[in-house]
Amino acid sequence: MRLRIATPDDAEAISAIYAPVVTGTAISFELEPPTADEMHRRLIATLRQLPWLVSLDDAGLVNGYAYAGTHRERQAYQWSVDTTVYVRATCRGQGVGRGLYEALLGELTELGYAQAFAGIALPNAASIALHEAVGFKHIGVYEKVGFKLGAWRDVGWWQKTLRSCASE
């Protein structure tokens with residue numbers, strides 16, 4: 001598996017991975033898949049301040065991605081991030097997500113972030129297993145917070161400490 005920093009040129013491949021998640025599952029709370037142009041915009045905006053990584057398969061095609069986003073807008077949250085990972089359906093269960101997550105968490109630690117958070121639409125045993133395998137701990141559930149595919153959905157929250165938060 002090869003990893004690299006994403007570029008705006010990856011927008012189409014990233015959109016292709018994400019679109020079936022949006023349209024066919026309750027994993028993402030988006031209702032319409034973003035176009036390649038919208039994903040291009042998101043990539044540019046994210047890469048200005050936070051990492052976005054892609055994984056490449058043996059043919060050099062993007063088969064997964066992971067990125068970090070701002071946790072909250074208030075300035076005191078500046079040392080915390082939300083994280084996301086998605087893997088092409090045909091490549092799941094092959095270590096792609098774990099490799100992406102380990103690299104992303106390493107980058108975030110190097111950048112000085114203290115806490116990483118992940119929201120997981122429930123149920124999603126595979127995502128829970130991945131997050132816990134890379135050190136996230138379950139911290140709570142927002143109950144019936146989103147309505148998708150005809151049902152109210154819960155979102156579980158996981159947290160990983162990236163560095164010591166001792167006060168000076």
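This is a predicted model: local features need pLDDT of at least 70, side-chain atom pairs count only at pLDDT 80 or more; totals for chains, interfaces and linings use all residues.
Residues are numbered from 1 along each chain as its sequence is written, and side-chain values use heavy atoms, with hydrogens and water left out.

**Stop 1: two helices**

Select residues 11–24, which form helix α1, and residues 36–47, which form helix α2; helices here are DSSP runs of H or I with at least four residues, strands are runs of E with at least two, and both are numbered from the N terminus. Two packed helices are described by the angle between their axes and the distance between the axes. Here the angle is about 110 degrees and the axes are 8 Å apart, where axes are lines fitted to C-alpha atoms, for helices over the stretch in contact, and angles run from 0 to 180 degrees between N-to-C directions. The two helices α1 and α2 are therefore roughly perpendicular to each other, a term that covers angles of 65 to 115 degrees.

Now show the side chains of A11, E12, I14, S15 and Y18 in α1, which meet A36, M39, H40, R42 and L43 in α2; contact means heavy atoms within 4.5 Å. The residues of this contact divide into six nonpolar, two polar and two charged, with Ala, Val, Leu, Ile, Met, Phe, Trp, Tyr, Cys and Pro counted as nonpolar, Asp, Glu, Lys and Arg as charged, and the others, Gly among them, as polar.

**Stop 2: T83 and S80**

Next select T83, which lies in strand β4 (residues 80–87) and is buried, with a relative accessible area of 6%; buried means under 20% relative accessible area, with a 1.4 Å probe and protein chains only. The side chain of T83 makes a polar contact with the side chain of Y101 at 2.6 Å, a polar contact being a pair of N or O atoms within 3.5 Å, of which, within protein, one must be able to donate a hydrogen and the other to accept it, and residues adjacent in sequence count only if both atoms are side-chain atoms.

S80 lies in β4 and is buried, with a relative accessible area of 15%.

**Stop 3: G156**

Finally select G156 in strand β7 (residues 151–161), where this residue is buried at 0% relative accessible area. Its C-alpha atom is separated by 6.5 Å from that of L122, 34 residues apart along the chain.

Note on methods
Buried means under 20% relative accessible area, exposed over 50%, partly exposed in between (1.4 Å probe, protein chains only). Angles under 35 degrees count as roughly parallel, over 145 as roughly antiparallel, 65 to 115 as roughly perpendicular and the rest as oblique.
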